[in-house]
Amino acid sequence: MTIRRVNAEERLTTSFPLQAYAFETSPRSVARAEEFRGYLPYNEGNRTLVVEENGVTLAAASAIPMRQNLRGEVLPMAGVAGVATHPLARRQGHVRALLHQLLDEMRDEGHQLSALYPFRPSFYARFGYVGLPAPRTVTFSPADLGGLLRVDLPGEVRWERVGEGYQDWRTFTERCLDERHGFAIFPGYRDVGVRDRDEHWLLTARSGGTVTGAVIYRIDDHGGTLAAGDLLAADPVARMLLLQFFARHVDQVERVRVQVPVDEVPELWLTDLAVHVEARVARPASSAPMARLLSIDALDGLAVGPGRVRVELTGDRWLAGSHLLDGTTGALEVVTGAAVTAAQPPAVTLTAAGLSALAYGVLDPVEIGLRGLGEVPAEALPELRTLFPRRNPYLFSDF
Ligand SMILES: CC(C)(COP(=O)(O)OP(=O)(O)OC[C@H]1O[C@@H](n2cnc3c(N)ncnc32)[C@H](O)[C@@H]1OP(=O)(O)O)[C@@H](O)C(=O)NCCC(=O)NCCS
């Protein structure tokens with residue numbers, strides 16, 4: 001049994017057929033197999049590893065070199081995708097071996113974070129990942145937006161196919177990456193898939209010539225649904241400009257559906273807006289994302305409150321040892337090695353998922369103990385809350 005990295009052309013006969021079996025209608029048609037070649041450019045920079053035995057591919061896993069915002073810092077992130085094992089080779093440790101090597105290599109290349117969409121969160125919890133919030137799906141009738149039609153807003157919208165306006169879309173998501181905790185975007189070679197497929201309308205809000213909001217959508221039928229992706233808006237004016245455009249579809253579609261981050265409150269958007277807000281998480285096909293730190297260096301220099309703790313990292317392949325996390329200057333300093341002595345209290349023990357939960361801001365320190373992700377003595381609780389206040393990461397990219 002060997003693990004090796006496959007090149008672009010080899011994907012056609014190794015990882016793609018396994019992924020198609022795992023994630024698609026199966027058996028695939030001959031025509032479907034022919035479509036594989038068209039996907040190669042969008043996978044070109046991915047790192048794909050396979051397990052092989054006697055020339056048969058037993059398992060595959062890929063990492064996409066992405067970028068993600070962690071509390072204001074944009075860092076290299078390994079997006080894990082296409083994890084699949086041959087049906088006759090499951091439960092033999094192949095994916096465990098693949099993930100170890102894949103994340104070793106991505107970390108060595110400088111990826112300090114990793115994220116994925118799990119088929120079962122407990123599987124990836126064992127690899128140090130912790131759950132992030134799922135986006136909310138918001139459904140409402142365009143009729144309830146009618147009051148917006150007469151509002152004179154500062155700014156305008158542009159409406160075009162995403163194939164035409166793609167560069168504005170990409171530029172605006174880059175801005176979101178810089179500004180929003182948790183936001184992650186694909187490398188260019190993968191992202192252009194949305195432009196090349198050209199299956200969506202792109203609506204952008206603009207103010208003074210600058211794009212301040214964007215959303216892509218499709219309409220399924222007359223009297224049907226205007227189904228949009230993430231409603232990205234830099235400010236309330238931009239959001240209202242986008243909603244005003246949707247209001248013009250009152251006699252065309254029955255409902256509008258958009259995705260929003262967990263901290264968005266659609267019932268406050270407008271008076272008399274009847275709205276349904278939902279997050280549906282189910283195994284295996286509708287999962288909330290997960291993420292983890294691959295390197296303690298991800299924390300170095302983060303803007304934090306003035307807390308100070310010593311952490312002992314345990315039970316993980318990539319995060320280990322004793323570190324002093326010192327936020328007294330407002331920029332987190334990670335001190336490692338001889339300078340971390342037992343004399344510097346308070347001390348906490350954290351698993352990789354425990355540290356990741358604090359860094360991403362998804363758990364309160366007291367939950368770390370409750371969830372079995374570490375041991376946090378009472379005197380460390382206020383320090384950790386000051387260092388890592390709760391935040392709502394918003395991953396955005398769906399892979
Ligand atoms: C899920 C899947 C990738 C697992 O691959 P695998 O090669 O069988 O996994 P491994 O044998 O390396 O298992 C690693 C560990 O997870 C455990 N595990 C495997 N499948 C599991 C499952 N469905 N639920 C919980 N634990 C599981 C194994 O027991 C093993 O634990 P151990 O190290 O303590 O023995 C494989 O079953 C598959 O291809 N499924 C269909 C596609 C899919 O769902 N992919 C995941 C997309 S995120």
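View 1. A salt bridge is a side-chain nitrogen of Lys or Arg within 4 Å of a carboxyl oxygen of Asp or Glu. Glu52 lies in strand β2 (residues 47–53) and Arg4 in strand β1 (residues 2–5), so the pair ties together parts that are 48 residues apart in sequence. Strands (E, at least two residues) and helices (H or I, at least four) are DSSP runs, numbered from the N terminus. Glu52 is buried at 14% relative accessibility, while Arg4 is partly exposed at 29%. Buried means under 20% relative accessible area, exposed over 50%, and partly exposed in between (1.4 Å probe, protein chains only).
The model is predicted: local features need pLDDT of at least 70 and side-chain atom pairs pLDDT 80 or more, whereas totals for chains, interfaces and linings use all residues. Residues are numbered from 1 along each chain as its sequence is written, and side-chain values use heavy atoms, without hydrogens and water.

**View 2. The salt bridge between Asp168 and Arg206.** The closest N and O atoms of this pair are 2.5 Å apart. Asp168 belongs to helix α5 (residues 162–179) and Arg206 to strand β10 (residues 201–207). Asp168 is partly exposed, at 24%, but Arg206 is buried, at 8%.

**View 3. A network of salt bridges joining Arg67, Arg170, Glu174 and Asp191.** Within this group, the side chains of Arg170 and Asp191 meet at 3.3 Å, N to O. Arg170 stands in helix α5 and Asp191 in helix α6 (residues 188–191), 21 residues apart. Both Arg170 and Asp191 are buried.
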